[in-house]
Amino acid sequence: MENQLLSLIIPVYYEQEVLAEAHARMDAAMQATGHPYEIIYVNDGSRDGTMGILRRIAAENPAVRVLSFSRNFGHQLAVTCGMDAAKGDALIIIDVDLQDPPELIPQLVQRWKAGADIVYGKRLKREGETFFKKLTAKLYYRLLSAMSAYPIPLDTGDFRLLDRKVADCFLNMREHARFLRGMSAWMGFEAVPLEYERQERAAGKTKYTLKKMLKLAADGITGFSTKPLTLASGFGIGIMALADLGLLALIVLAICAVPFPAWLWAVAGLLCVQGLTLVFMGIQGAYLGRVYDEVKARPLYIVAEKINCDR
């Protein structure tokens with residue numbers, strides 16, 4: 001088993017400040033596993049000095065392979081590209097910002113060798129993040145867990161190890177709106193956690209803007225739960241209950257001869273129902289939009305440049 005190849009997959013996007021330090025630590029961590037390895041960098045459309053640094057790293061280390069996108073396709077598709085190119089018996093996914101310590105990689109490998117199909121990092125603490133980021137992340141993971149038909153571990157990211165058979169199952173699923181954590185839970189393989197404290201970003205700023213985080217959240221919920229489509233029934237019952245209470249209140253007021261502008265009730269009720277109608281039309285539109293993206297059957301990504309890649 002010591003001769004089994006490991007593939008380390010690292011998506012990068014405008015990371016020139018941290019890339020050299022990250023590579024040194026990740027290469028050392030891979031050497032510490034005692035396995036042969038390859039390191040696959042996927043440049044997700046960076047236009048700064050990231051690609052120049054990657055070219056230099058690849059020229060100095062034949063174990064490094066680089067794939068560069070023609071534009072920014074997003075983190076989840078960059079990881080997918082790395083998985084497509086990986087040759088390893090186990091695939092390890094990690095971000096380049098060093099918030100997930102590369103020194104934990106040998107522990108991931110040890111748990112894989114003990115029989116786990118998936119080993120995922122579980123965050124006990126999140127250093128260097130704002131209160132808002134921590135709060136929204138906590139609420140999101142719990143909302144996703146409550147709405148998903150499949151149990152998705154709380155407080156986890158994409159830092160994980162996948163056995164080859166798990167990776168092959170991933171690669172058979174070619175949907176565009178990808179959410180790797182949810183896909184992993186859907187497959188049902190044996191998964192074990194590795195608990196750790198997430199570190200502060202080593203350099204630079206996070207590239208996961210609020211807009212990108214909201215998109216990932218939407219992909220996670222709409223990709224692995226149909227509950228939003230069924231919420232209309234619950235809201236409908238609630239609205240009917242409120243309408244009945246309103247009608248009862250009007251009857252009581254009429255019996256007590258208390259004057260009131262009845263038309264205000266009609267206007268308020270109409271606006272409430274119309275607003276809910278628009279909300280649920282938007283939810284249905286989100287699902288239809290996903291179907292539209294899939295039926296176009298476009299490639300998930302476009303690779304403009306390859307370094308040290310034979311396929």
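## Confidence in the model

Welcome! Among the elements of the chain, β4 has the highest mean pLDDT, 98, while helix α8 (residues 210-224) has the lowest, 60. These values belong to a predicted model. Taken over the chain, the mean pLDDT is 81, and 67% of the residues reach 70 or more.

## The chain as a whole

The chain has 311 residues, and 44% of them count as buried. Its elements are 10 helices and 8 strands. If you take the contacts between residues at least 6 apart in sequence, 83% of them join residues at least 24 apart.

## A visit to helix α1

After α1 comes Gly34, which has a positive phi near 80°.

Which residues of α1 are buried? They are Leu19, Ala22, His23, Met26, Asp27, Ala29 and Met30. Seen down the axis of α1, these buried residues fall within an arc of 160°, so they line one face of the helix. In general, an α-helix has 3.6 residues a turn, so residues three or four places apart point the same way.

## What covers that face

The cover over the buried residues of α1 includes the strands β1 (6-12), β2 (37-43), β3 (64-69) and β4 (90-93). Helices α2 (50-60) and α4 (105-113) are also part of this cover.

Note on methods
Residues are numbered from 1 along each chain as its sequence is written. This is a predicted model: local features need pLDDT of at least 70, side-chain atom pairs count only at pLDDT 80 or more; totals for chains, interfaces and linings use all residues. Side-chain values use heavy atoms; hydrogens and water are left out. Helices (H or I, at least four residues) and strands (E, at least two) are DSSP runs, numbered from the N terminus. Buried means under 20% relative accessible area, exposed over 50%, partly exposed in between (1.4 Å probe, protein chains only). Contact means heavy atoms within 4.5 Å. The arc is that of the directions from the helix axis to the C-beta atoms. pLDDT is the predictor's confidence in each residue, from 0 to 100.
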